[in-house]
Amino acid sequence: MAKTTKKETVDKKKEPKTETLRSWKITKQQKFVLGCLLVLFSIALLVAFISFYVNGQWQTDQSAVSQLGDRTEEVQNWLGKFGAYLADLIVYRGFGLASFILVRLFFLTGLFLALEMSTKRLKSIWFWDLFAIIIVSVLFGFFATSAPELGGTIGYELNLFLQDYIGKTGTLLTLLFGIIIYVIFKIKLSPEKIQSYFHSTKDQFKSELNAIKTPQQPESAYNLEEFAIEEEDPELDNIHLKTEDTQFEINKEALKPTISNPSEIDLNPVLKPVQMNINPATPVTVPVHTEEFVIEKAEEEDIIEENLASRLVADFGLFDPTLDLSNYKFPTIDLLKEYSTGGITINQEELEENKNKIVDTLRNYKIEIAQIKATVGPSVTLYEIVPEAGIRISKIKSLEDDIALSLSALGIRIIAPIPGKGTIGIEVPNKNPTMVSMKSVIGSAKFQEAEMELPIALGKTISNETFVVDLAKMPHLLMAGATGQGKSVGLNAVLTSLLYKKHPAEVKFVLVDPKKVELTLFNKIERHYLAKLPDTEDAIITDNAKVVNTLNSLCVEMDNRYSLLKDAMVRNIKEYNDKFKARKLNPEAGHRFLPYIILVVDEFADLIMTAGKEVEIPIARLAQLARAIGIHLIIATQRPSVNVITGLIKANFPARIAFRVTSKIDSRTILDTQGADQLIGRGDLLYTNGNDVVRVQCAFIDTPEVEKITDFIGSQKAYATAYLLPEFVGEETGINLDMDISERDTLFREAAEIIVNAQQGSASLLQRKLKLGYNRAGRLIDQLEAAGIVGPFEGSKARSVNISDLSALDQFFNNEQN
């Protein structure tokens, strides 16, 4: 039997304790209980604080606080002796009136824990509320010196401390500066907002003055017997529309109905009662005799005024790649237009009519429906039906054309069944679609709070939710669709999303635009966000002949980056950059911060026609390998044929966007399923990432909006040049090399020693060891090849080294001199 060593015995004693510590984690129930406790405690504090001032406790209960152990002692605080003690400790001996902010802090903390909300915002609330407590307490201590209960002991003493060192004037200026900090960073009040407020007030005054001069007459009158609006109480939020046979109850804030003639709505009962739910922010029941018709609409998302104003500040000592452009300002949301009036408009009459037509059409084929639920989106309404037991799904799916005929719709799409639900979906285009503006998508909380590496806001789904995806996880995107269906707008939406979210040091774009007109606006941000080959004038590539060199240059950049990842012993770009920021990688060894590189190719079909395999092979190689080192591809084409979107390309592009196409074959080429041929155009798209297919209304961004954004960025301080990609050295390099020894580089011998030591002939090795640019390192490799020290170019492989060791290299140089 083997003896157990002393070290093993100690380790075994430590193991249970370690496992116990690791397994401890607060559960949902514990969070809920703790949250409720904090909410109740905040209410108790509020009661104690209010009674402290109402009953004059600082005078009546002051003596009783020191004798809390005496049960016969009476206090006037509403929370008893415990409340008197809390009020005395926190208010009188603490912060005075500013203590009421603590009530808010405990209440919000309890809510965040009980409802399992993100604690990211809670940290900011705690910081600024504690800041406000200090400022308010000292402020009352400064102005109300005769009433210490207003500022509290802490505020009074801090005020005296400040006055002893900087005097009354200095104390007042310090307090004023603290208030300015709170107003600017917390309330986010800026000179522009103040100016816009006075302008809006002036415009409103002018409009009211004009209205007084020319009073408007009412546009129409209603028959009160047919259409009665009950608004006796101004605080009511519901409008009751009464007709002869029907009563609607509609939430006026959420729905904004467009019923022009409510008395003419066809609400005749069908033969069999059908229950229909229509999705609003607040579900509203609309009884129609024996039918139940409920309208549901997704709740509108909160709009965040300013984007990215509160970025996390890096810890002290970490390398910050944004320091070169530390004063760079992100584009503001004001640069974008608001095209819609706000929420989605629901046409009650249209919903009722479509519901009846769907039910009647299915009943004609002896298909009974148990329930219908409708979700209204910006351009499409989804009707979810639950058929009676025994109905075959394939039978409903085969009636797609018949349902489209009965609805007189441009094209409907049947999802049978809807993934994750026990229902069948029928998507019907709205007669009056709502435009989705880029401003509403960029300003949504879902995009602003997205914790993604490369977030892209494409638009809104059928349930009116902002659709945000991460390009870094796709990892490449293929876009296709017929001419004029929204591809170029979709590309602009993708680029705009990244411009609003990422600093110029974090992402670079390689733009290929054969049409020469779609992406030219981004020329203005060349020295901020664009990447290009050395010795080229325009960063945006419009010549197909230069595309091949650019793609091969990206392959060289990919190989160089993989060498850096290998030396750093990490697996992907995020780990590498984190390690570089933590100053664990030496820049003198060739290491540098690696920005994401996004290759955007518009009209890919044109490149395939002109270059063919020369383009397809580097594209496929980048798609297969470039994900880990931060190079991502976005390829768009209007001709989704199999000779353009080949199997090699499709296999490496799991994320695909399909705009409207003309045939089912084209739809299958893009998505491997039909459905894209049933879209209605104008930005209507289907998105898939290898799993479910999601229908999205693409956000609209016009050319003037893109121009404003690029002007805003281009007017700021930029880098000296665009991000330079490595120069591509083709196979022909080294054939006609100059053999003159006198024209060799001064570092020729040192480079030869490095190559022989490493037994690896590559330009990237010389870059790292000698701290050279790629062009000079490439010339050194050419000279080494001409001298016979390294072998010829072998594609992505390193060149062979023809000299075995340094002694053989010395012999080689001696022979040359002789």
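## Aromatic pairs

The count of aromatic pairs comes to 17 in this predicted model. One of them joins Phe52 and Tyr53, whose rings sit edge-to-face at 5.1 Å centre to centre, with 85 degrees between the planes. Phe52 and Tyr53 are both buried. Ring pairs also tie Phe52 and Tyr53 into a cluster with Phe49 and Phe100.

Phe142 and Phe143 give another example. Their ring centres are 4.9 Å apart and their planes meet at 80 degrees; the angle is over 60, so the pair counts as edge-to-face.

## Nonpolar cores

The largest nonpolar core holds 113 residues, and Phe509, Phe604 and Tyr687 have the most contacts inside it. Helix 18 supplies the largest share of this core, nine residues. Apart from this core lies another, of 26 residues, including Ile755, Tyr774, Ile803 and Phe813.

What does Tyr687 touch, leaving aside its neighbours within four places in sequence? Its contacts include Leu458, Phe467, Val469, Met474 and Leu477, together with Ala655, Arg656 and Ile657. Asp692, Val693 and Val694 are also in contact with Tyr687.

Asp684 belongs to strand 18, which covers residues 684–688. With a relative accessibility of 1%, Asp684 is under the 20% limit and therefore counts as buried. A polar atom of the Asp684 side chain lies 3.3 Å from the backbone nitrogen of Ile680.

Not counting residues up to four places away in sequence, Asp684 touches Val380, Ala658, Phe659, Arg660 and Leu679, as well as Arg695, Val696 and Gln697.

## Helix 21

Helix 21 takes in residues 613–625. How far apart should the ends of this helix be, at 1.5 Å a residue? Its 13 residues should span 18 Å, and the end C-alpha atoms are 18 Å apart, so expectation and model agree.

The buried residues of helix 21 are Val615, Glu616, Pro618, Ile619, Ala620, Leu622 and Ala623.

## Cysteines

The disulfide count comes to zero. Among the cysteines, Cys555 is buried, with a relative accessible area of 6%. Cys698 is buried too, with a relative accessible area of 5%.

Notes. Residues are numbered from 1 along each chain as its sequence is written. This is a predicted model: local features need pLDDT of at least 70, side-chain atom pairs count only at pLDDT 80 or more; totals for chains, interfaces and linings use all residues. Side-chain values use heavy atoms; hydrogens and water are left out. Helices (H or I, at least four residues) and strands (E, at least two) are DSSP runs, numbered from the N terminus. The expected span of a helix is 1.5 Å times one less than its number of residues. Buried means under 20% relative accessible area, exposed over 50%, partly exposed in between (1.4 Å probe, protein chains only). A disulfide is a pair of cysteine sulfur atoms within 2.5 Å. A polar contact is a pair of N or O atoms within 3.5 Å; within protein, one must be able to donate a hydrogen and the other to accept it, and residues adjacent in sequence count only if both atoms are side-chain atoms. Contact means heavy atoms within 4.5 Å. A nonpolar core is a set of buried Ala, Val, Leu, Ile, Met, Phe, Trp, Tyr and Cys residues joined through side-chain atoms within 4.5 Å. Rings of Phe, Tyr and Trp (its six-membered ring) pair if their centres lie within 6.5 Å; planes under 30 degrees apart count as stacked, over 60 as edge-to-face and the rest as tilted.
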